[in-house]
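Hello,

Here is the structure I promised to pass on, with its sequence.

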Amino acid sequence: MNHIVCLLPGDGIGPEVTTAAREVIDASGVDVEWVVLPVGTTALEFCGSVLPARTLAAIEGHGLALKGPTTTPVGSGHPSINVELRKRLNLFAAVRPVRSLPGIKTRFDNVDLIIVRENTEGLYSGIENEVVEGVVQSLKIATTKGCSRIARFAFDYAASRNRKKITVFHKANIMKMSDGLFLRCARKVQSQYADRIEYDEMIIDNGCMQLVRDPSKFDVLLLENLYGDIVSDLAAGLVGGLGVVPGANFGKSCAVFEAVHGSAPDIARQGIANPLACIMSGVMLLNYVGETAAATKIRNAYDHVLQEANPETLTPDIGGTGTTQSFTEAIIRALM
Ligand code: NAI
């Protein structure tokens, strides 16, 4: 079956890693028609907008995208394209599987987490204003609809993958109303799954400490937007860094797959970006569209390449001396 997938290369290392993912997916034998679309600062140059209307319309129309990271200027400049994209397409749930990988040595070899992040509300919305000179306020939005929706998604997702436990990280001791609402909604949904899924809550500062001490205590983490953003990077650090953690953003009618990492301007255009997180996001996409055989084939191929641990193949972030290209080519060879 032919799948039409929007491909958004994005900024920085985005074009490098999305090209790698495309090559690997094509080599797996799946019939994908790629619709390449502009997004990010590159799009601004050529289309006058960081998120051109035709890019949004195409994702809405096809319902499926593989996206590279996009740069968001710090402290000024245009607002985040990701925040805008998630709001406009109502991509309310981010899912980031974080697992220990063969051949990548870290302090733990038994990490197997799924992070479920609310994607549209919270402080992360970036709703800020200057009340008077020298006084700025930033709004944290929480709605019963948004909190219940992400809780239902997390429990459904966990149940469908036979996961045993959901832990909510929160700060409801301080943000009693907003995080309090998040907790109340999670508890309400949890009551319908009490026979199947264990439920726990942790104040986020303690949760982070527990997570870096013993990640095996956790299974699925459910977090509001900003906490999910930060804890995703923290968890990536447990398994080898941002180069090896994929992600997906789900809405009712659209899904956008993208790695957790950003545009990594420090290594852009050097040919050394780790393509694995983007390739793994592509594997999530293939599973989502029912191409499970191809998804498994690619997963086995990169597991094999990692297991071989040939430094000439792997990128520097995971201990190699290789390049984006050498890693990608090794995965493609392992598919054959
Ligand atoms: P970053 O994730 O781009 O980089 C953090 C560190 O990880 C850097 O040292 C980088 O070299 C390294 N790294 C990241 N991905 C890598 C890969 N695939 N292979 C090897 N090393 C990798 O985060 P940073 O520097 O905070 O943000 C840079 C830009 O990316 C910012 O403009 C930020 O807003 C944007 N960003 C975009 C995201 C998206 O589009 N989904 C997500 C996160 C950040």
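Let me start inside the protein: Glu118, Glu121, Gly122, Lys140, Ile141, Ala142, Cys147, Ser178, Asp179, Phe182, Glu224 and Asn225 line the largest cavity. A cavity here is a set of points, on a 1 Å grid over the protein atoms alone, where a 1.4 Å probe fits but cannot get out, and a lining residue has an atom within 4 Å of a point. This is a predicted model, in which local features need pLDDT of at least 70 and side-chain atom pairs count only at pLDDT 80 or more, while totals for chains, interfaces and linings use all residues. Residues are numbered from 1 along each chain as its sequence is written, and side-chain values use heavy atoms, with hydrogens and water left out.

**Cavities**

The largest cavity holds about 70 Å³ of space, a volume being the space filled by probe spheres set on the grid points, which are joined across faces, edges and corners. Helix α6 (residues 178–190) supplies the largest share of its lining, three residues; helices (H or I, at least four residues) and strands (E, at least two) are DSSP runs, numbered from the N terminus. By class, this lining has four nonpolar, three polar and five charged residues. For these classes, Ala, Val, Leu, Ile, Met, Phe, Trp, Tyr, Cys and Pro count as nonpolar, Asp, Glu, Lys and Arg as charged, and the others, Gly among them, as polar.

How many cavities of 30 Å³ or more are there? The count comes to two. The second largest cavity has a volume of about 30 Å³ and is lined by Val83, Arg86, Lys87, Asn119, Thr120, Tyr124, Ser125 and Asn225. Its lining takes at least three residues from each of domain 1 (1–95 + 242–336) and domain 2 (107–238), with bounds from an automatic or database domain assignment.

**Pockets**

A pocket is an open set of points with protein on both sides within 12 Å along at least five of seven lines. The largest pocket has about 640 Å³ of space. Its lining numbers 25 residues, and Pro97, Tyr157, Arg161, Met284 and Asn287 are the closest to its centre. Helix or strand elements giving two or more residues to this lining are β4 (93–99), β5 (112–118), α5 (144–160), α9 (276–288) and α10 (292–308); α9 has the largest share, five residues. The lining divides into 16 nonpolar, three polar and six charged residues.

The second largest pocket has a volume of about 530 Å³. Of its 18 lining residues, Thr72, Pro73, Ser80, Gly126 and Glu128 are the closest to the centre. Helix α4 (residues 81–88) gives the most to this lining, with three residues.

**The ligand**

Around the ligand are 21 residues, and Thr70, Thr72, Asn82, Gly262 and Ala264 come nearest; a residue counts if one of its heavy atoms lies within 4 Å. This shell has eight nonpolar, nine polar and four charged residues.

- A polar side-chain atom of Glu258 is 3.1 Å from a ligand nitrogen atom.
- A backbone N or O atom of Ser263 is 3.0 Å from a ligand oxygen atom.
- A side-chain N or O atom of Asp266 is 2.9 Å from an oxygen atom of the ligand.

Taken alone, the ligand exposes 820 Å², and the protein buries 70% of that (Shrake-Rupley method, 1.4 Å probe).

Best wishes

Key:
Polar contact = N/O pair within 3.5 Å; in protein donor to acceptor, adjacent residues only side chain to side chain.
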